[in-house]
Amino acid sequence: MGRRRPRFLWLLWLLWLLRLQPSAAAKGRPPRSHSLHYLFMGASEWDLGLSLFEALGYVDDQLFVAYNHESRRAEPRAQWISRAATSSLWLTLSQSLKGWDHMFIVDFWTIMDNYNHSKATKLGVLAESHTLQVMLGCEVREDNSTTGFWKYGYDGRDHLDFRPETLDWTAAEPRAQATKREWEVTKIRARQNRAYLERDCPEQLRQLLQLGRRDLERQVAPAVKVTRHIAPAATTLWCQARSFYPPNITIKWLKDRKLLDARDSGPQDVLPSGDGTYQGRVALTVPLGEEQRYSCQVEHPGLDQPLAAAWEPSPSSALVIGVTSAIAVCVIILFVGVLLRVSRKRQTLRGALGDYVLTECE
């Protein structure tokens with residue numbers, strides 16, 4: 001049985017990556033631009049359940065390859081890349097990941113040395129584990145221009161950021177200065193990094209797009225629904241878009257068909273659905289009873305035109321309200337009928353008694 005991965009380490013990694021990872025939705029990336037990026041992570045102590053080096057590769061937010069130091073093998077993670085498992089592209093990719101495996105471990109020890117974190121390990125003393133995170137990749141825009149990024153994080157915090165235009169590194173904290181100076185002694189490493197970001201990465205991305213274009217450029221329109229949630233303090237409308245791809249989507253609120261200021265609504269959340277599509281939602285607080293004055297407008301590459309949706313009472317709620325109202329009306333009518341009948345009986349009885357008394361007096 002494989003080692004269990006501690007949840008806190010994965011959370012540490014994911015928090016750092018989510019903070020750094022370029023988001024198509026957040027940046028408003030045009031539908032026809034594409035990105036390729038790799039996420040690397042390693043832990044210095046094996047007993048924590050993480051490999052010394054693990055890698056995940058993504059094209060347009062889709063995982064397509066995974067690699068770890070123990071197996072030293074690249075594993076396809078998407079159907080479209082599995083079809084090329086014997087191609088020269090896959091062979092080049094596998095060799096690149098093996099090279100990054102070696103480079104990552106060397107960099108890991110360098111950074112630990114500069115933090116004085118490797119002494120205890122070298123002396124055989126049980127030490128706390130440390131983690132290294134790397135994110136690198138490129139984006140090819142619709143006009144065929146490119147941009148690249150190469151970032152290091154240590155123990156879940158920003159460490160170094162490569163600047164290809166100046167061939168140097170930006171240190172995110174004082175203790176990263178030692179590694180920065182060491183890597184900038186010669187420009188060979190920096191030139192190799194820049195060549196990868198500006199030439200090799202875009203070329204590999206174009207090859208991957210050619211291979212998986214049908215899957216990567218598909219457009220799935222969202223299903224949109226507005227729901228209402230009533231609380232003691234406020235009434236909230238949620239505009240929910242589900243099962244759409246690609247992830248770049250815009251959700252806006254309207255009142256009486258007029259666009260509201262984005263500051264009046266909550267943040268736009270876009271998350272993976274787990275089946276290759278995405279889901280997003282935006283909240284808006286409204287006065288109780290005025291829900292139907294509001295609607296949400298959704299724009300997505302899979303839609304020919306913006307889609308509008310508004311909150312509507314569910315059929316079951318309307319049926320319950322109708323039945324309850326009908327029962328109430330019937331009870332009222334029955335009650336009034338009983339009262340009228342009792343009243344008439346009393347009047348009849350009084351008339352009969354009056355005639356009897358008059359007869360006796362005669």
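This is a predicted model: local features need pLDDT of at least 70, side-chain atom pairs count only at pLDDT 80 or more; totals for chains, interfaces and linings use all residues.

Thr235 stands opposite Val286 in β14, and in that strand Thr285 is the bridge partner of Thr236. These residues belong to the pairing of β10 (residues 235-244) with β14 (residues 278-286), which is antiparallel and runs over eight bridges. As for terms, strands are DSSP runs of E with at least two residues, helices are runs of H or I with at least four, and both are numbered from the N terminus; two strands pair if DSSP finds at least two bridges between them.

Residues are numbered from 1 along each chain as its sequence is written, and side-chain values use heavy atoms, with hydrogens and water left out.

On its other pairing, β10 meets β9 in the antiparallel sense, again over eight bridges. Thr227 has Trp238 of β10 as its bridge partner, and a hairpin of four residues joins β9 to β10. Is β10 mostly covered or mostly open? Eight of the ten residues of β10 are buried, so to speak mostly covered, where buried means under 20% relative accessible area with a 1.4 Å probe, protein chains only.

We now turn to β13. This strand pairs with β14 in the antiparallel sense over four bridges, and Pro272 stands opposite Tyr278 in β14. The hairpin of β13 and β14 has five residues between the strands, and there Gly274 takes a positive phi near 100°.

Taken together, the order is β9-β10-β14-β13, an open sheet of four strands with antiparallel pairing. From one strand to the next, the twist averages 20°.

Next, the helix pair. The axes of α4 (residues 88-114) and α7 (residues 188-216) come within 12 Å and cross at roughly 145°; axes are lines fitted to C-alpha atoms, for helices over the stretch in contact, and angles run from 0 to 180 degrees between N-to-C directions. From α4, the contact is made by Leu89, Leu93, Trp100 and Asp107, and from α7 by residues including Arg189, Tyr196 and Leu211, contact meaning heavy atoms within 4.5 Å.

Finally, the chain as a whole. The protein chain holds eight helices and 16 strands, and buried residues make up 39% of its 362 residues. Of the contacts with a separation of 6 or more, 59% come from residues 24 or more positions apart. The average pLDDT, the predictor's confidence in each residue on a scale from 0 to 100, is 82, and 74% of the residues score at least 70. Over residues 1-8 the pLDDT is below 50, and this stretch has 13 contacts beyond near neighbours in sequence. Residues 18-30 also have a pLDDT below 50, with 25 such contacts in the model.

Note on methods: Buried means under 20% relative accessible area, exposed over 50%, partly exposed in between (1.4 Å probe, protein chains only).
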